[in-house]
Every structure is written in structure tokens, then in C-alpha cells.
Amino acid sequence: MSLGIKEHPDAEVQKNRVLTLDDWQDKWVTRHIAFHQEQGHQLLKKHFDTFLKGQSGLRVFFPLCGKAIEMKWFADRGHTVVGVEISEIGIREFFAEQNLSYTEEPLTEIAGAKVFKSSSGNISLYCCSIFDLPRANIGKFDRIWDRGALVAVNPGDRDRYADIILSLLRKGYHYLLVVLSYDPTKHTGPPFYVPDAELKKLFGTKCNMQCLEEVDALEERHKTWGVDYFFEKLYLLTEK
């Protein structure tokens with residue numbers, strides 16, 4: 001299925017754009033969190049069973065998780081969820097909004113970092129930069145749900161990001177990824193425009209890549225950015 005989305009010729013226009021970890025933490029403080037989806041992501045809901053393939057007891061990773069309600073979808077089905085998020089506010093709000101009791105403890109491997117764990121033990125959220133996360137030795141994962149993560153990291157950090165993601169994948173993995181298509185000359189990002197060619201460069205040597213769906217996701221808030229088209233593309237990456 002194709003909506004005839006063309007690759008934008010000016011894909012490089014955002015490449016030097018940088019947000020700091022403080023910038024992201026400030027978004028939570030000032031409540032600039034329009035990226036949070038109260039109902040969860042419809043494409044994940046639609047492809048959920050395909051993604052899980054009827055398997056139980058999977059380890060699922062949520063990069064840059066915020067307070068994504070989808071984490072509870074997996075936990076409720078008996079899977080183990082691990083997320084990483086720089087904002088402690090986001091993590092605390094997740095547990096509060098999902099009515100989950102939790103514990104918190106400092107991470108000895110990463111200065112200033114903490115891990116928050118649901119009392120049931122099947123959700124662990126690491127409050128740190130994803131680029132520090134490898135030091136915490138969190139193991140490998142059967143599934144990764146990447147929405148608002150690859151598209152949120154600074155374009156100059158994508159190679160590092162992809163290396164970390166690839167290092168976390170376990171044999172037989174399914175990595176579900178949402179990227180966005182819009183005119184990057186009209187909006188500086190984030191979220192950033194990640195063209196298909198860039199995806200192939202980041203993951204193509206290690207992963208088979210299949211575009212499962214493309215949907216028109218233009219909302220009023222996107223129009224205020226000055227863009228006149230905004231598509232979401234759902235990719236499934238599997239082992240080569």
C-alpha cells in the first residue's frame with residue numbers, strides 16, 4: 001500500500017538541529033507534551049497481534065518511552081517491559097496514571113540515574129539518557145516499539161542510536177518503528193523527518209525492512225507548524 005509519498009529532496013535541512021536533554025526535560029515541566037497519545041498508538045493497536053505472534057513472556061523495549069500507555073498493554077499480557085526516559089516527571093506520571101505502585105532506586109552504573117520498577121516487577125523504567133543506557137546492562141529484547149524515539153533523537157545522533165538499538169536485539173526479534181514524512185523545510189523538528197534512504201543506511205545491513213502501512217496523520221497542530229502533509233509510516237524490522 002502506498003500513498004505515493006515522495007522522498008523530500010531537502011532531507012539534509014534538519015541535520016544540524018540539536019536539542020539537549022534539558023530541553024526535553026523542560027517540555028515535561030512546561031507541559032509541551034503533545035507527542036503523548038492518551039489512547040495509545042492506533043497502528044500498534046491494529047498490528048498488535050501480528051507483532052506478538054502469539055508468543056508469551058517476551059521482553060519488550062520502549063526507547064524514549066515518556067508515559068506511553070502501550071507499556072501497560074504489553075505488561076497486562078504478561079510480557080516484561082523496559083523503557084528509558086530522561087524525564088522523571090514522565091516516568092512518575094506513567095505509574096500514577098496507570099494506578100501502579102512502584103519502587104525507585106539509584107543506578108550505580110550511571111551517575112544520577114535511577115530505575116523505577118512496578119511492584120509486580122514486569123515494568124522497569126530507566127531515568128537516564130539512552131546513550132548511557134548500555135552501561136546498565138539491561139539485556140536483550142524480543143520486541144522493540146519505537147514511536148517518537150528515532151524521530152526525536154538529534155539527527156546527528158542517529159548512528160549512535162541505531163547502534164544501541166541493534167545491540168539490544170535478541171535472535172528472532174521484531175522491531176516495530178514509526179517514522180514520519182513531511183516537508184522538513186517547513187518545520188525544524190522534532191519530530192524529525194527520517195527518509196527511507198536514511199533508514200536503510202541505519203538498519204539495512206542488519207535488518208530486513210518491511211513497510212506495513214502508511215497513514216495520513218495530519219492534525220490541526222501539524223498545520224500550525226506550516227506543513228500541509230504529514231504521514232506516518234510503520235516499518236517492521238526483522239533479522240536478516
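How many helices and strands does the protein chain have? The protein chain has seven helices and nine strands. Both are DSSP runs, numbered from the N terminus: helices are H or I with at least four residues, and strands are E with at least two.

## Ground rules

This is a predicted model, in which local features need pLDDT of at least 70 and side-chain atom pairs count only at pLDDT 80 or more, while totals for chains, interfaces and linings use all residues. Residues are numbered from 1 along each chain as its sequence is written, and side-chain values use heavy atoms, with hydrogens and water left out.

## Overall form

The protein chain has 240 residues and a radius of gyration of 17 Å. A compact globule with 240 residues would be near 18 Å, so the value agrees. The radius is taken over C-alpha atoms, and the globule rule is 2.2 Å times the number of residues to the power 0.38. Along the principal axes, the C-alpha atoms fill a box of roughly 50 × 40 × 30 Å.

Of the 240 residues, 53% count as buried. Buried means under 20% relative accessible area, exposed means over 50%, and partly exposed lies in between (1.4 Å probe, protein chains only). Take the contacts between residues at least 6 apart in sequence: 71% of them join residues at least 24 apart. A contact means heavy atoms within 4.5 Å.

## Surface and charge

The protein chain exposes about 11300 Å². Carbon and sulfur atoms supply 49% of that area. Accessible areas come from the Shrake-Rupley method with a 1.4 Å probe; for residues, only the protein chains shown count as cover.

There are 31 positive and 34 negative charges, and their mean positions are 4 Å apart. Lys and Arg count as positive, Asp and Glu as negative; His and the chain ends are not counted. Each charge is placed at NZ of Lys, CZ of Arg, CG of Asp or CD of Glu.

## Two buried helix faces

Helix H2 spans residues 42-52. Its buried residues are Leu 43, Leu 44, His 47, Phe 48, Phe 51 and Leu 52. What covers them includes helix H3 (70-76), E6, E7, E8 and strand E9 (231-239).

Helix H5 covers residues 158-167. Here Arg 158, Tyr 161, Ala 162, Ile 164, Ile 165 and Leu 166 are buried. They pack against strand E1 (59-62), strand E6 (141-146), strand E7 (169-181), helix H6 (196-203) and strand E8 (207-216).

Asp 196 sits in helix H6. Its relative accessible area is 17%, so Asp 196 is buried. Arg 170 is 26 residues from Asp 196 along the chain, and their C-alpha atoms are separated by 24 Å.

## The loop between H1 and H2

Phe 35 lies in the loop between helix H1 (21-29) and helix H2. UniProt annotates Phe 35 as "binding site". UniProt positions are given in the numbering used here, feature names are shortened, and annotations may be inferred rather than shown by experiment. Phe 35 is partly exposed because its relative accessibility is 27%. Not counting residues up to four places away in sequence, Phe 35 touches Trp 24, Lys 27, Trp 28 and Arg 147.

Arg 31 is also found in the loop between H1 and H2. Its relative accessible area is 40%, so Arg 31 is partly exposed. Arg 31 is not a glycine, yet its phi is positive, at about 65°. Most residues other than glycine have a negative phi, and most peptide bonds are trans.

Lys 53 is in the loop between H2 and E1. The UniProt annotation "modified residue: N6-acetyllysine" covers Lys 53. At 51% relative accessibility, Lys 53 counts as exposed. Leaving aside neighbours within four places in sequence, Lys 53 is in contact with Arg 143 and His 174. Its phi is positive, near 55°, in a residue other than glycine.

## Two cis peptide bonds

Which residues does the cis peptide bond with omega near 0° link? That bond runs from Gly 189 to Pro 190. A cis peptide bond also joins Pro 190 and Pro 191, with omega about -5°. Pro 190 is in the loop between E7 and H6, and Pro 191 is found in the loop between E7 and H6 as well.
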